[in-house]
Amino acid sequence: MAARAITKVSELDGEAPESTDFANYFCTYAYIYHQKDMLEDHKRTGAYYQAVLSNKRQLQGKVVLDVGTGSGILAIFAAKAGAKKVYAVEATNMAKHARNLVDHNKMSHVIEVIQGTIESIQLPEKVDIIISEWMGYFLLRESMLDSVLVARDRFLLPGGALYPSHAAIYMAPIRSNLANQRTGEFQGSMEGWADFLQEMQHYYQVNLECLSDAYRTEQKDYYLHTSQWTDTHPQQMLGPAAPFIKYDLHNVTLEELKAPLRSEFVLHMTDGGPVDALCGFFDVWFRGSVENPVDNEIRLSTGPDPTGATHWGQQTFPLHPPIDCAPGDRLRVLLDVSRRMDNQRLLHVKAAITVEGNSIYAEQSKTPRTFRWNIE
């Protein structure tokens, strides 16, 4: 029996993602419900809309590449702004829905949807602008920025612009009940394990005690050493956020991005502790390039907001136990962020924190406190 032919979206189609990477990352983006979750984040979608439609002069008559187009919404924005050609690249079968959406909105004369990874496709021309919504939790989770930089190096004309063009990641000291909550959940898990051991012995006469240490380590990593998505209110902040890394996406290299990140920064305490957690978030800016700056700069922030979080929320890193400090003290933080060995799209974070200042807490803080977390 003949093999069923694979329906192509475009003659420019490339290769599908590698199977393990598809299972770990790409697969959820092939579902409309997941695209809907992102589209209805109006702070996100609205920022891209404003960045494109309030800068029509920069897009009129230009060639645009949308990396990871998903539903195709950013490509449609670019076409509405007057781009003469938009290449909308999507690795998953969502490309077929994007093409349907483009056709339905009568924009197929401008937008060409291409299915395949950006690393595998070929374009017939260089582009003036690359637009992409590549950001993950804590900005760098998912590592999709890698693909945007590959696209930049392969397809962007000299002087071309990336939308967004700049990014920064911040940390802030906060009060939070998360540490206590997660500690309670960990203790509950271990109590449940003890009950489980008794049941296995009683019903099946099998002693599983030899697995207890490994189970405890596994559960401790999950409950006490994993950051959590949160919707943090500004009133939880004990001091202003500090940026610990800034990126100009026109200049950062793929090698720099893949290398472990180390940064030392200071958090100024305006309120007294204890500091229960660190709160991490990011901002991106749409500034265009030096040669082709925007007329209207747009900033998309994912920081604590009284009106509610974006779908990225914030990443809260609980401190076990919390750090005592007084108003006017400073937290000196040495932060290490690296990609996980078992999954390069996930992150491992380490922090060494020292209290500085004139308080008794600073006097007692001679040795840095060390913490570690996974960002799942």
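This is a predicted model: local features need pLDDT of at least 70, side-chain atom pairs count only at pLDDT 80 or more; totals for chains, interfaces and linings use all residues.
Is Gln122 buried or exposed? I looked up the relative accessibility of Gln122 and found 52%; exposed means over 50%, so Gln122 counts as exposed.

Next I checked where Gln122 sits. I found Gln122 in the loop that links β3 (111-115) to β4 (127-131). I then asked what Gln122 touches beyond its neighbours within four places in sequence, and the answer was Leu12 and Arg154. With Arg154 there is a polar contact between the side chains, at 3.4 Å. I also noted Gly14: 108 residues separate Gln122 from Gly14 in sequence, yet their C-alpha atoms lie 7.4 Å apart.

I located Ser71 in the loop between β1 (63-67) and α5. Its relative accessible area came out at 11%; buried means under 20%, so Ser71 is buried. Setting aside neighbours within four places in sequence, I listed Gln35, Leu39, Met94, Ala98 and Leu101 as the contacts of Ser71.

Then I turned to the nonpolar cores. The largest has 97 residues, and the members touching the most others are Leu65, Ile111, Phe138, Leu139 and Phe244. I looked up which element gives the most to this core: helix α5 (residues 73-80), with seven residues.

Last, I went back to Leu139. Not counting residues up to four places away in sequence, I found Leu139 touching Trp134, Ala167, Ile169, Tyr247, Phe282 and Val284.

Definitions and conventions. Residues are numbered from 1 along each chain as its sequence is written. Side-chain values use heavy atoms; hydrogens and water are left out. A nonpolar core is a set of buried Ala, Val, Leu, Ile, Met, Phe, Trp, Tyr and Cys residues joined through side-chain atoms within 4.5 Å. Buried means under 20% relative accessible area, exposed over 50%, partly exposed in between (1.4 Å probe, protein chains only). Helices (H or I, at least four residues) and strands (E, at least two) are DSSP runs, numbered from the N terminus. Contact means heavy atoms within 4.5 Å. A polar contact is a pair of N or O atoms within 3.5 Å; within protein, one must be able to donate a hydrogen and the other to accept it, and residues adjacent in sequence count only if both atoms are side-chain atoms.
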